[in-house]
Amino acid sequence: MVIFKKTQDISEFLAGKRSGGARIGFIPTMGALHAGHISLISQAREKGYLTVCSIFLNPTQFNNPEDLKKYPVSTDSDIQLLISSQCDVLFLPDVEEVYPGGPDNVVSYGFGELEEILEGAKRPGHFKGVGQVVGRLLEIVEPDTIFLGQKDYQQVMIITALCRLMLQDTNGFRPSDIRIERCPTVREADGLAMSSRNRRLTEPQRAVAGTIYQCLVSIQAKQYNSRFETVKRECGEILASKGFVTDYIAIADARDLRLLEEYDKNIPMVALIAASIGKIRLIDNLLMD
Ligand code: AMP
């Protein structure tokens with residue numbers, strides 16, 4: 001695996017690979033890697049891409065400074081994990097490299113309603129930050145395909161919108177041509193979605209953390225014989241009884257995240273939950289079929 005810290009170096013390296021016929025599969029991350037991240041790398045590799053992973057803890061997407069400060073960092077073991085997963089390239093820039101004129105001088109994109117609901121409502125400015133950093137990383141890496149986890153469902157939709165909004169760059173690279181691969185959520189045995197934040201759970205918190213997934217499964221299972229309002233109330237009570245503070249329990253049109261008041265069997269639906277246990281905020285979702 002080749003590691004780059006400088007924008008110019010990785011750009012030159014990838015330009016060479018591209019002209020040799022390589023297709024670039026990009027996996028942006030914030031580090032503290034786990035099997036969920038590695039599954040994205042494996043999928044890119046299996047599809048024949050030159051795999052480029054980035055690790056960058058983007059300050060502009062944390063609306064809560066405490067959350068940024070406590071975000072787990074494990075760069076040395078991340079590098080070992082990436083090597084053993086046969087990742088080809090790691091981009092490991094510092095903040096100045098990603099935001100040369102400072103984060104305030106980066107182009108921001110507007111995502112309309114999509115950035116105002118669910119995570120956007122609970123974490124104001126979060127998706128502006130995601131748009132900024134992913135926009136910059138796409139300019140640098142110029143990937144053919146970007147591999148994203150379904151775990152962050154709304155983020156996949158934001159990045160899809162971002163690729164459509166970004167203009168062709170001076171090299172002729174067109175972000176609107178980037179393919180988006182949404183990859184399945186990797187879970188622990190009890191259903192808990194793998195997440196870097198899980199490392200911060202205490203043992204008793206970890207013991208109940210699978211409740212979020214159980215609630216998603218019950219929202220899915222009860223779609224044919226219950227009203228969503230009832231299932232939502234039951235899930236809220238179950239989560240509260242295990243010590244969670246719930247931010248939202250929602251169902252939405254899986255194609256555009258339009259929020260639904262009631263189950264609608266005529267459209268593809270996704271159920272989404274965000275809840276905190278202690279100071280750890282967890283999110284998860286499940287496509288309903
Ligand atoms: P993060 O480091 O949290 O920014 O995540 C980097 C990428 O990994 C994003 O596309 C996430 O959606 C994806 N990801 C995180 N957790 C999982 C998981 N449990 N399964 C699949 N992909 C994941």
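Okay, to start: which atom of M30 lies 2.9 Å from an oxygen atom of the ligand? That's a backbone N or O atom of M30. Before I go on, keep in mind that what's on the screen is a predicted model.

Right, who's in the shell? There are 16 residues around the ligand, and the ones that come nearest are M30, H37, D152, V186 and M194. By type, the shell residues split into eight nonpolar, six polar and two charged.

Where do they come from? At least two shell residues each are supplied by β2, at 24–29, α2, at 35–46, and β5, at 145–149. Of everything in there, α2 gives the most, with three residues.

Okay, leaving the ligand, let's look at some helix packing. When two helices pack, we describe them by the angle between their axes and the distance between the axes.

Take α7, residues 126–141, and α8, residues 153–165: they pack at an angle of about 55 degrees, with their axes 10 Å apart. That angle makes α7 oblique to α8. The crossing of this pair is right-handed.

Now the other pair, α10, residues 211–221, and α11, residues 228–241. Their axes cross at roughly 165 degrees and come within 10 Å. With that angle, α10 is roughly antiparallel to α11. And the handedness? α10 passes α11 in a right-handed crossing.

That's my tour, thanks everyone.

Key: Residues numbered from 1 in each chain as written. Predicted model: local features only at pLDDT ≥ 70, side-chain atom pairs only at ≥ 80, totals over all residues. Heavy atoms only, no water. Near = heavy atom within 4 Å. Polar contact = N/O pair within 3.5 Å; in protein donor to acceptor, adjacent residues only side chain to side chain. Helix = DSSP H or I, 4+ residues; strand = E, 2+ residues; numbered from the N terminus. Nonpolar A, V, L, I, M, F, W, Y, C, P; charged D, E, K, R; others polar. Axes fitted to C-alpha atoms, helices over the stretch in contact; angles between N-to-C directions. Parallel < 35°, antiparallel > 145°, perpendicular 65-115°, else oblique. Left-handed = near helix turned anticlockwise from the far one by under 90°.
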